[in-house]
Each structure stands twice: as structure tokens, then as C-alpha cells.
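Keep the sequence at hand.

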Amino acid sequence: MKKIESTAMTNNLINYKPLFVLGLLFECLGQILLAQGNKFVYSLQPIDFAHWSLLLGVAFLIPQLGQFPKSVFTFIGAPILLIGIVSIIGMCVLDFIWWSQTTQEIRNEFAGHLSQFPSIWKPFITTGPGYTNIGLLLLSLNYFKTEKVGVGLIIIATLLIYFGSFIASRLIYVYLISAIGYAIMLFKNPIDEHQNQQI
């Protein structure tokens, strides 16, 4: 009976690892599109593919959060990553509004208006999205003992965020490196998240 219950519980846990890595690749794609400049982004039709890529990317990260190993790194890292995800979603909503405007003057006026409200500007434009990378770093530490290469790549990506301002369009490299790092950890790592479920 216990074996049947264990099998049922394991079968109920869907493998969201590919979706998580795909989400990071979508973030990379979004940054590639953004790197082409505002004029390019505003000319995208019929939708703002750049920010839709960012939006889908962070949405794809969410399902895997419940399947990381139960540890202090997950306890702290998962909520921080969620804060970053919410911030990026909010940023995308604001950017959709910018994209929908007909002239650059209207966009500038809208940006000037929002910048006067720190309660909107800081969490969704300047500070909040950075929590995503902090959360990714903390969650990667679950795999430090078994996949140092993967964790090392996430550390490099995080350092690029804070010390790589001299690198043009560095977020492209940040998310590409993060996707590679997590692919190494999630697909090669012997840690089985199912083992963390208490029967």
C-alpha cells in the first residue's frame, strides 16, 4: 500500500525542468530583441514580441519553484525569485503601454509621469527585476556539491549584472549563461526532488 502511495505521489509531480530552462531562453530572446533599440521594439507588429518574450519567460519559471530541493536556499531563494518575477510582469505591462502609444512624445510624457512615483518606478523599472537574478543564484546553491560548473555559471551571470555595466546588452549573456547553468544542474544533477517529498 505504501509503495502504491509513493508511486502515485511521484507520478503527480510533473517535470517542469525543461520549462524552467526554456523560460530563461525566452528571457534571453527578449533581451536580444530589446538590444535592437527602442525604434525597433516600437515598430514590432502585431504585438510587442520583445516584452511578450520576457513575460512568457518569467511565467515559465514559476512551476519549477515547487520542485526544488527543500532547503534553506529554496526557502529564501524561491520567494525572492517570485518578487523578481512579479516585478518583470509589472514592467512588461508598463512597456506594453509604452509600445501602444502612437508618438515618442507621448511615451516620454508617460515615462516622466511614472518616474515621479517611486512606488511604481522602483519596483517595476529600476530595482525589482534584479531580484530575479538573486533568486536564481540562491536556488542554484542547492546544487553546489554536485554541479559546481553549473553553479559557477550562475555566479558569473550574477556578477555580470552588478559589475558588467561596461558590456553592451549584458542581459543577453546573463540569461544565456543562466540557461546553460541551470540546464547542467537540472538535467545532469543526481538530486531527485521527489526524494524530498515525505511519505
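A residue counts as buried when its relative accessible area is under 20%. The model is predicted. By that cut-off, the buried residues of H10 are Ile172, Val174, Tyr175, Ser178, Ala179, Gly181, Tyr182, Ile184, Met185 and Leu186.

What covers them? The cover of the buried residues of H10 includes helix H2 (17-34), helix H5 (72-100), helix H8 (131-140) and helix H9 (148-163).

H10 itself takes in residues 170-188. Its 19 residues, at 1.5 Å a residue, should span 27 Å. The end C-alpha atoms of H10 are 27 Å apart, so the expectation and the model agree.

Now look at one of the covering helices, H9. H9 and H10 pack with their axes 8 Å apart, at an angle of about 165 degrees. Angles over 145 degrees count as roughly antiparallel, so H9 is roughly antiparallel to H10. The crossing of H9 past H10 is left-handed.

Which residues make this contact? From H9 come Val149, Gly150, Val151, Leu153, Ile154, Ile156, Ala157, Leu160 and Ile161. In H10 they meet residues including Arg170, Leu171, Tyr173, Val174, Ile177 and Ser178. Also on the H10 side are Ile180, Gly181, Tyr182, Ile184 and Met185. The residues of this contact divide into 16 nonpolar, 3 polar and 1 charged.

Is Ile125 buried or partly exposed? Its relative accessibility is 23%, so Ile125 counts as partly exposed. Leaving out residues up to four places away in sequence, Ile125 touches Met91, Leu94, Trp98 and Ile120. Gly90 lies 35 residues from Ile125 in sequence, yet their C-alpha atoms are 8.4 Å apart in space.

Key: Residues numbered from 1 in each chain as written. Predicted model: local features only at pLDDT ≥ 70, side-chain atom pairs only at ≥ 80, totals over all residues. Heavy atoms only, no water. Helix = DSSP H or I, 4+ residues; strand = E, 2+ residues; numbered from the N terminus. Expected span 1.5 Å × (residues − 1). Buried < 20%, exposed > 50% of the residue type's maximum accessible area, 1.4 Å probe, protein only. Contact = heavy atoms within 4.5 Å. Axes fitted to C-alpha atoms, helices over the stretch in contact; angles between N-to-C directions. Parallel < 35°, antiparallel > 145°, perpendicular 65-115°, else oblique. Left-handed = near helix turned anticlockwise from the far one by under 90°. Nonpolar A, V, L, I, M, F, W, Y, C, P; charged D, E, K, R; others polar.
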